[in-house]
Amino acid sequence: MTYNFAIILKFQHALLLGLWMTVKLTLICAVLGCALGFLLSLARTSKNPVLRGASSVYVEFFRGTPVLIQLFWIFFCLPLLLGFELSNLASGVIALTLYTGAITSETFRASLKSVGREQLDACVALGLSAWTRTTNVVLPQAVLRAAPTLLSNVVSLFKESALVSAVGMADLMFVGQNISNNTAHPVEVLTAVALIYFVIAFPLTRAVTVLEQRILRRLAV
């Protein structure tokens with residue numbers, strides 16, 4: 001069997017469009033998921049037992065079940081309950097956002113616990129409202145401390161996003177599979193797709209290490 005990797009150049013435009021869809025999906029779900037995760041972390045550290053219990057069940061469910069099953073349930077089952085169809089993009093965004101919210105909530109919860117109690121007591125002594133205390137004191141520190149892990153979560157999300165190809169969304173993996181099937185060159189095409197994922201994900205994983213070291217030095221001052 002002969003291999004012709006030059007065939008990738010013929011389909012580079014289609015692969016770039018698929019990559020753009022993957023990046024766009026990752027960014028949307030990362031932003032929405034981090035916002036959801038922060039709210040969940042506040043609920044899990046709340047003194048209200050109902051909020052704490054409900055958020056814990058949510059987090060454990062989405063962390064404890066496969067993302068692919070969550071995606072299939074939202075794509076195939078949720079429309080039956082809602083009474084209208086969901087596009088594959090909407091299903092992908094919902095599934096990955098809910099999953100990202102669950103995993104980032106644990107990151108935020110750990111960073112919230114690292115914020116000194118004396119700072120919260122100082123906010124109370126100054127008469128700051130709960131909203132001001134959360135947005136101006138707690139949130140900036142929590143985001144700073146959680147940044148390396150959050151970036152690592154985004155890298156994982158970028159790789160997990162390949163699952164949306166299973167519901168027909170034209171991401172990088174879906175485009176690669178179609179080209180592979182139509183050209184009968186799976187080795188060349190799927191190898192190229194894997195390399196594209198690696199070229200983007202590897203620098204980000206290195207950035208996580210650098211960022212973590214800088215934050216640790218800053219917090220040590």
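1. Helices in this note are DSSP runs of at least four residues, numbered from the N terminus, and the model they are assigned on is a predicted one. Within helix α5, Arg109 and Glu106 stand three residues apart, about one turn of the helix, and their side chains meet in a salt bridge with an N to O distance of 3.1 Å.

2. Glu106 also takes part in a salt bridge with the side chain of Arg44, at 2.2 Å from N to O. Because Arg44 belongs to helix α2 (residues 12-44) and Glu106 to helix α5 (residues 88-114), this pair ties together parts that are 62 residues apart in sequence. Arg44 has a relative accessible area of 12% and is therefore buried, the cut-off for that class being under 20%.

3. A further salt bridge joins the side chains of Glu106 and Arg63, with 3.7 Å between N and O. Here again distant parts of the chain are linked, since Glu106 is in helix α5 and Arg63 in helix α3 (residues 49-64), 43 residues apart. Arg63, with a relative accessibility of 43%, counts as partly exposed.

4. Taken as a whole, the structure has four salt bridges under the rule of a Lys or Arg side-chain nitrogen within 4 Å of an Asp or Glu carboxyl oxygen. Arg44, Glu60, Arg63, Glu106 and Arg109 are linked in a network of such bridges.

5. Turning to the aromatic side chains, the structure holds seven aromatic pairs. One of them is formed by Tyr58 and Phe62, whose ring centres lie 4.6 Å apart with 45° between the planes, an arrangement that counts as tilted. These two residues are four positions apart in helix α3, so about one helical turn separates them. Both are buried, Tyr58 with a relative accessible area of 18% and Phe62 with a relative accessibility of 12%.

6. The rings of Phe75 and Phe76 make an edge-to-face pair, because their planes stand at 85° and an angle over 60 degrees places a pair in that class; their centres are 4.9 Å apart. Phe76 counts as partly exposed, at 47% relative accessibility. Elsewhere, Tyr58, Phe61 and Phe62 form one aromatic cluster.

Note on methods
Residues are numbered from 1 along each chain as its sequence is written. This is a predicted model: local features need pLDDT of at least 70, side-chain atom pairs count only at pLDDT 80 or more; totals for chains, interfaces and linings use all residues. Side-chain values use heavy atoms; hydrogens and water are left out. Buried means under 20% relative accessible area, exposed over 50%, partly exposed in between (1.4 Å probe, protein chains only). Rings of Phe, Tyr and Trp (its six-membered ring) pair if their centres lie within 6.5 Å; planes under 30 degrees apart count as stacked, over 60 as edge-to-face and the rest as tilted.
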